[in-house]
Amino acid sequence: MSERSFKLCALAAVLFLAAVLVLLFQPSVSSSPNNPPSSTTPLGSGAAFDAALGQSPIGLSIEYSLLSSDLGTKTCPSPAFVKAMQALGDPPVRIGGDSQDVTAPTGASGPGIQFVIPAGFWARLHCLLQQTHQDITVGINLKTGTPAWAAQIANEARGAIPTGQLSFSIGNEPDLYGILSSWLSNGRLISTPMPMSAYVQEFNALRAQLGGAPIVGLDFAIATWSAHFAY
């Protein structure tokens, strides 16, 4: 792909995929007469929501496989890709979306997996960030992933992305799990909707593997579960 074509593709991505990065928060389960609190561990400490938009509230959401292709297979991504990011103003990047819940770390495999992060992916991303200094949100697989996978991805991401530029997103639209596609339960894929209590348990199991890095979200598709959480 020529540098001009790549820039046009990157601009199209901004126009169609740009999204406001969700603010960092400490969520907690709330209750109401019709929605009793979950018996599982609360998602957070209950601290009040306290964050502000940064200078670049608009960013790119890029699927794992697409970013892997853009980064290439060499030690560092192509100059055209670097220049395209710089021309866009070094926007914050969310790695994930639908792909994060069907993605496994390097060397892993399992039910429902469609993409395995290739060797060298994080090193190439590190090389990109040495030139662009972008903030990166790394998507963690909640639907078909495991805590061990979350820990591996988190460790590799921390080795590639400076602490002040790194955050994580756990799961993509989990309130739709089992409605549009299956999710992993006790090692097998099931197609029934995920209960909120199961989501809270899965969320906390994965969150514990992220080493205290900031988490953005929650990425609910609709408002069904939102009333259960304090922001």
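The crossing of H4 and H5 is right-handed, that is, the near helix is turned clockwise from the far one by less than a right angle.

Which residues of H4 and H5 meet? On the H4 side they are Trp 122, His 126 and Leu 129, and on the H5 side Ile 153, Glu 156, Ala 157, Gly 159 and Ala 160. Contact means heavy atoms within 4.5 Å. Sorted by class, the residues of this contact are five nonpolar, two polar and one charged. Ala, Val, Leu, Ile, Met, Phe, Trp, Tyr, Cys and Pro count as nonpolar, Asp, Glu, Lys and Arg as charged, and the others, Gly among them, as polar.

H4 also meets helix H3 (residues 79–87), with axes that come within 10 Å and cross at roughly 45 degrees. H3 and H4 are therefore oblique to each other, and their crossing is right-handed. H3 contributes Phe 81, Val 82, Met 85 and Gln 86, and H4 contributes Leu 128, Gln 131 and Thr 132. This contact of H3 with H4 has four nonpolar, three polar and no charged residues.

Phe 168 lies in strand S8 (residues 166–170) and counts as buried because its relative accessibility is 0%. Buried means under 20% relative accessible area, exposed over 50%, and partly exposed in between (1.4 Å probe, protein chains only). Leaving out residues up to four places away in sequence, Phe 168 touches several others, including Thr 137, Val 138, Ala 154, Ala 157, Leu 210 and Val 216.

What about the rest of S8? Five of its five residues are buried. In a regular strand the side chains alternate between the two faces of the sheet. In S8 both faces are covered, with Leu 166, Phe 168 and Ile 170 on one side and Ser 167 and Ser 169 on the other. Strand S7 (residues 136–140) pairs with S8 in the parallel sense over five bridges, and Thr 137 has Ser 167 as its bridge partner. Two strands pair if DSSP finds at least two bridges between them.

Strand S3 (residues 58–62) is mostly covered too, with four of its five residues buried. S3 pairs with strand S4 (residues 93–95) in the parallel sense over three bridges, and Ser 61 stands opposite Arg 94 in S4.

Stepping back, the protein chain has six helices and 12 strands. Helices (H or I, at least four residues) and strands (E, at least two) are DSSP runs, numbered from the N terminus. Buried residues make up 45% of the 231 residues. Of the contacts with a separation of 6 or more, 76% join residues 24 or more positions apart.

Residues are numbered from 1 along each chain as its sequence is written, and side-chain values use heavy atoms, with hydrogens and water left out. Because the model is predicted, local features need pLDDT of at least 70 and side-chain atom pairs count only at pLDDT 80 or more, whereas totals for chains, interfaces and linings use all residues.

Note on methods:
Axes are lines fitted to C-alpha atoms, for helices over the stretch in contact, and angles run from 0 to 180 degrees between N-to-C directions. Angles under 35 degrees count as roughly parallel, over 145 as roughly antiparallel, 65 to 115 as roughly perpendicular and the rest as oblique.
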